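Subject: Structure handover

Hello,

Here is the structure for your set-up work.

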Amino acid sequence: MSQHMKTACMATSLLSLALSSACATEQVIVKPTAPLQITSKASVASTQLPDVKISSTSDVAQSNVPVTFGQVFAAGDVPAGAGLLGQFSNGAGLPLQVDIKARHADGSVRHAIITTVLPQLSKSAPATLQLKLSPLATPAGQVAKPADLLNAGFSGSVNITIAGRLFTASIDQALRGSGIRNWLSGPQVSEWMVTAPLYDSTGLIHPHLHARIAVRSYTGFSKARVDVTLENDWAYQPAPQNFTYDADVVIGGQTVFSQANLTHFHHTRWRKTFWWGVAPQTHIAHNQAYLIASKAVPNYDQRIVIAETALNNMKNLMTGVKFQPMGPGLAEPGMPTTGGRPDIGLMPGWNAAYLLSMDKRAKDVALATADLAGSWSAHYRDKNTDKPISLHDYPYMTILGNPGDTYNPATKQREAFPVCGGSCTNVNIADAAHTPAFSYLPYLVTGDYYHLEEMQFWAMWDVFQTNPGYRANIQGLIFQSNVRVQAWDIRNLAEVAYITPDEDVLKAEFNRILSNNLDYYNTTYSNNAAANIFGAITGPGAIVYNSNIGIAPWMDDFFTSAVGRAAELGFDKAKPLLNWKASFAINRMLAPDYCWIFGGIYSLNLRATATSPLYTSYGQAYEASRNPAVAGMACNSPEMAKALGLKVGEMTGYSSIATGYPSNMQPALAYAADSAYAGGAAAWHKFMQRSVLPDYTTYPEFAILPRNVTTP
């Protein structure tokens, strides 16, 4: 594809994009074009890249074991034009297929999907595969085609029966069609993605339900992974509703999945993966220290050892209806439910436990729960583009409010989604204030397209579920929501913009929406001399506590941590906002007229009445908010501790609990400590030297440390 065509593809309106073969091919794989200038073998090996450990989960030794995994790289580690090879601890080399998905601004690889075939895998000792830079070489061997797999005997179908009426999606037929998109392409593995309509016996297509298939075929080994997703998510199909059916999936003439009386909720989807041929039985453990150092994930405390009881509990929970299609996995099905729980944070607790342990039990539950992210009615797919629907194409769409609010003056069309045409009750209730980051880490480590689209569905839903006027329509502003909604929206937008493949037309869309929001916050706060002295978000939805005189510092801490997350992912507009926001976390620990014991206070009054101006000192806010029992007492004195029923040096707000308010504060203070705001190191040291600390060995979602400040 020429540069001119590439630019045209990316600039084309999503509404008019018809998934042409040229755009689709460039979208899913970026190939290096410039050779790496190498003068010696030493220069090739100068960058220390991560390793991965591949363990057998079989009772017998395995041979010719295919492995595919996602890998993120720090900026500069894999320069433009460099190649990669694998090397075992005994020095033996192994060729790799590297499908590059995203690059850093300097052209180096950010995210790639790596495939190889292990000649042997012991049942007892894991294989450590070290990634090494190498001169770029043209991969040898033919790239497989769908016809090759079909000629080898592959077959498959997805079947549903609704009220006695059978609908079938033929995987064979879909692989013979013209709508195939390549996700992986090379001599070792090819992955083809197809949309497969469900036909009845008369040739009629079900108007709402459709199958999406990704077939990953390993060249020369007569085996393929078959990724089946059944969706009920067309955005503008009339009369959306729930459907109850009997489902079965057949691969190679064998029924591999069957479930009767499955109620498929509107605007949801479910996923199952199967193997044609002998399935490899492996567990792939990434180098978590490298993942954290790359800044692709937060700086979780690597000193934490996840408890065996927690890991076994995760494994034992993976049973029953919670892990069947339309189940919630480990997530809270009713997201608006209040209280601390492991799905709230920059990363869900089970994902953080997996990151820190690389244990198979935690990985299994993390990936299974991410598979079930499709169970909430937050999935709206555009038939015109076959992609998650875009604000660029429908700036007035919403699931809320009066249809009159959705009138687009440019198209003279209303963009309200169609009204329910039957039962539309979903026991899984989505809520932007409590949305987990289901899929970011799973996509990072697997490279599975399903997880990528889950990120895109949820991030776009975050934006369009509000009233069009409140978000300034196409701008996608989120400041009208409550502060924790704004926090998780920023987190989701930053992560999806960071990791979405460069050639995906939605990448520019998410970058634009994130940029618009950071512009708003910088104009309103960081670059505004008249902004409040606290460094707190005080816009609509913020000062709503105690008869509209107070804010929730823990919500504000969520926001600060999300901004810190965006900044560490490299979004420059987040940096001045973080520097401004950092003051709120730091001064709750250091301000001389504010007692740090109340740093994690549930609500903090910032004005005397709902119509009064904001206070001008931390002392005023403290005196208006502290427990009356400590009036006149010295901060952190034995007298104060006794009055509060705490130990000396113990913060209020359930300091011993991993989801308590001081724990909520920890990520915000960690990012604040790394900001340009003065006092970060001192505030962090005081915070970490408090007398009562939480136990993060079960779910460590808030166990984040600064990158540039030593932790006591």
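The largest pocket has a volume of about 1100 Å³. A pocket here is an open set of points on a 1 Å grid over the protein atoms alone, with protein on both sides within 12 Å along at least five of seven lines. Points are joined across faces, edges and corners, and the volume is the space filled by probe spheres set on them. This is a predicted model: local features need pLDDT of at least 70, side-chain atom pairs need pLDDT 80 or more, and totals for chains, interfaces and linings use all residues. Numbering starts from 1 along each chain as its sequence is written, and side-chain values use heavy atoms, without hydrogens or water.

The lining of this largest pocket comprises 35 residues (an atom within 4 Å of a point). R225, T273, W275, D364 and L367 lie nearest the centre of the pocket. Elements giving two or more residues to the lining are β2 (62-72), β12 (205-218), β16 (268-276), β17 (282-286), α9 (360-371) and α10 (440-446). Helices (H or I, at least four residues) and strands (E, at least two) are DSSP runs, numbered from the N terminus. The lining splits into 17 nonpolar, nine polar and nine charged residues. Nonpolar covers Ala, Val, Leu, Ile, Met, Phe, Trp, Tyr, Cys and Pro; charged covers Asp, Glu, Lys and Arg; the others, Gly among them, are polar.

Next, the cavities. A cavity is a set of grid points where a 1.4 Å probe fits but cannot get out. The structure holds six of 30 Å³ or more. The largest cavity has about 160 Å³ of space. Of its 17 lining residues, M193, R212, A214, T229 and Y449 are closest to the centre. β11 (189-199), β12, β13 (223-232) and α11 (449-464) each supply at least two lining residues. β11 gives the most, with four. By class, this lining has six nonpolar, two polar and nine charged residues.

The second largest cavity holds about 120 Å³. Its lining includes P436, F438, Y440, E454, W458 and E495. α11 and α12 (483-499) each give two or more residues to this lining, and α11 gives the most, with four. Here the classes are eight nonpolar, two polar and two charged.

M358 follows α8 and has a positive phi, near 55°.

Last, the rings. There are 30 aromatic pairs. Rings of Phe, Tyr and Trp (its six-membered ring) pair if their centres lie within 6.5 Å; planes under 30 degrees apart are stacked, over 60 edge-to-face, the rest tilted. W554 and Y661 make a tilted pair, 5.8 Å centre to centre with 40° between the planes. W554 lies in α14 (553-568) and Y661 in α18 (661-673), so the pair ties together parts 107 residues apart in sequence. W554 is buried, at 9% relative accessible area.

Two charges sit over rings (NZ of Lys or CZ of Arg within 6 Å of the ring centre and within 35 degrees of the ring normal). K101 lies over the face of W183, at 3.6 Å from the ring centre. R588 lies over F584, at 4.4 Å.

Best wishes

Key:
Buried < 20%, exposed > 50% of the residue type's maximum accessible area, 1.4 Å probe, protein only.
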